[in-house]
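Here's a quick briefing on one protein chain. Keep the viewer open while you read, and look up each residue as it comes along.

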Amino acid sequence: MPITRRRLITISAALTLLPVTFRATSKGTTHQWTGQALGARASIRLDHPDGEAIAARVMAEIERLEDMLSLYRPHSALSHLNRDGHLPAPPFELLDCLSLAGAVHSASGGRFDPTVQPLWALWAEAAAAGARPDARAVETVRHRTGWAKVELDTAAITLQPGMALTLNGIGQGYVADRVAALLEAEGLSNILIDTGELRALGGKPDGGNWPVRMETGERLALRQRALATSAPLGTTFDQAGHDGHILDPATGMPTASPWRSVSVSAPSAAIADALATAACLMSEPETIQAMLEHFEGARLEASA
């Protein structure tokens, strides 16, 4: 596929975008683990007498979540939904993640829309042939999108024919939130989780907040918060780097965003993740701020 150097990142979906690192400390023995998680190299460092067992539980939780949320695992709950258009008795985590996505969809005026997956597939297929999809094809596929067409219920999730969902833009953050909850329940503090989106619980083990350098070069001290950054041209379909991976659901086209990157912080990594993605589809800081006001504690940290 003739896309940029971030090809593997792009086609691997929300749950396989970046290496995952977990750092958590408490009094006890240090345990270091390295391996694979979310389709990428991962490392976990736990200062805890039960560090090895906790690390195993963390990896088991990530595996469990991937079996629900991954777009690229054929047996995942999301893949079954996209393939069949109907998923009876959906797992709580999939419903929960989609409910959060729906809240951001509403607050963003429809800019954040998990139903753009058929459009993304169209652009990826055209890119594989070294072309762009023609306007008629884009419009035809766009009519198979729309969050209002998704039926969410504890009994079943139902899509209209030809629809499919993606959790790009929220899935990584959701996994970070769930791992944070697991580690906190284990009694750990001073935690920094990186699944492509950052989630901090407590500060650094030696005191102070977690120092984060954003893509704009600005620095942020992170504590009890999550930080997500989206870049419209961070991943592109074409070698020239013009067609970015964030598609505008209103047009079916890559966003003509004025931003190189947008960073949003919030108490939840899932919410920060989705808000940062939606913000890339907004041209005015005032519009971004109006969206953020729907979520307590959400802040625009940087945009350029």
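Let's start with Ile288, which sits in helix H9, residues 285–292. Helices (H or I, at least four residues) and strands (E, at least two) are DSSP runs, numbered from the N terminus. This is a predicted model, where local features need pLDDT of at least 70 and side-chain atom pairs count only at pLDDT 80 or more, while totals for chains, interfaces and linings use all residues. Residues are numbered from 1 along each chain as its sequence is written, and side-chain values use heavy atoms, with hydrogens and water left out.

- Is Ile288 buried or exposed? Ile288 counts as buried, because its relative accessibility is 0%; the cut-offs are under 20% relative accessible area for buried, over 50% for exposed, and partly exposed in between (1.4 Å probe, protein chains only).
- Skip the neighbours within four places in sequence, and Ile288 is in contact (heavy atoms within 4.5 Å) with Trp259, Ala279, Met282 and Leu300.

**Ser263 in its strand**

- Ser263 belongs to strand E12, which covers residues 262–266.
- With a relative accessible area of 1%, Ser263 is buried.
- Which side chain does the side chain of Ser263 meet in a polar contact? That partner is the side chain of Thr229, at 2.6 Å.
- A polar contact is a pair of N or O atoms within 3.5 Å; within protein, one must be able to donate a hydrogen and the other to accept it, and residues adjacent in sequence count only if both atoms are side-chain atoms.
- Leaving out neighbours within four places in sequence, the contacts of Ser263 include Met214, Leu227, Ala228 and Thr229, and also Arg299, Leu300, Glu301 and Ala302.

**Glu61 in a helix**

- Look for Glu61 in helix H2, residues 51–69.
- Glu61 counts as buried, because its relative accessibility is 11%.
- The side chain of Glu61 makes a polar contact with the side chain of Arg64, at 2.9 Å.
- Beyond the neighbours within four places in sequence, Glu61 is in contact with Arg178 and Leu182.

**Two pairs of packed helices**

- Two packed helices are described by the angle between their axes and the distance between the axes.
- Helix H5 (residues 117–128) and helix H6 (residues 135–142) pack at about 155 degrees, and their axes are 9 Å apart. Axes are lines fitted to C-alpha atoms, for helices over the stretch in contact, and angles run from 0 to 180 degrees between N-to-C directions.
- H5 and H6 are therefore roughly antiparallel. Angles under 35 degrees count as roughly parallel, over 145 as roughly antiparallel, 65 to 115 as roughly perpendicular and the rest as oblique.
- On the H5 side, the contact uses Pro118, Leu119, Leu122 and Trp123, and on the H6 side Ala137, Val138, Val141 and Arg142.
- Sorted by class, the contact of H5 with H6 has seven nonpolar, no polar and one charged residues. Ala, Val, Leu, Ile, Met, Phe, Trp, Tyr, Cys and Pro count as nonpolar, Asp, Glu, Lys and Arg as charged, and the others, Gly among them, as polar.
- Helix H7 (residues 171–185) and helix H8 (residues 269–279) pack at about 165 degrees, with axes 7 Å apart, so H7 and H8 are roughly antiparallel to each other.
- In H7, Gly171, Gln172, Gly173, Tyr174, Ala176 and Asp177 meet Ala269, Ala270 and Asp273 in H8.
- The contact of H7 with H8 has four nonpolar, three polar and two charged residues.

**Positive phi angles**

- Asn190 is not a glycine, yet its phi is positive, at about 55 degrees; you'll find Asn190 in strand E7, residues 189–194.
- Gln224, also not a glycine, has a positive phi near 55 degrees.
- Gln224 lies in the loop between strand E10 (219–222) and strand E11 (226–230), and is partly exposed with a relative accessible area of 45%.

**The whole chain**

- The chain's secondary structure comes to nine helices and 13 strands.
- Of its 304 residues, 55% count as buried.
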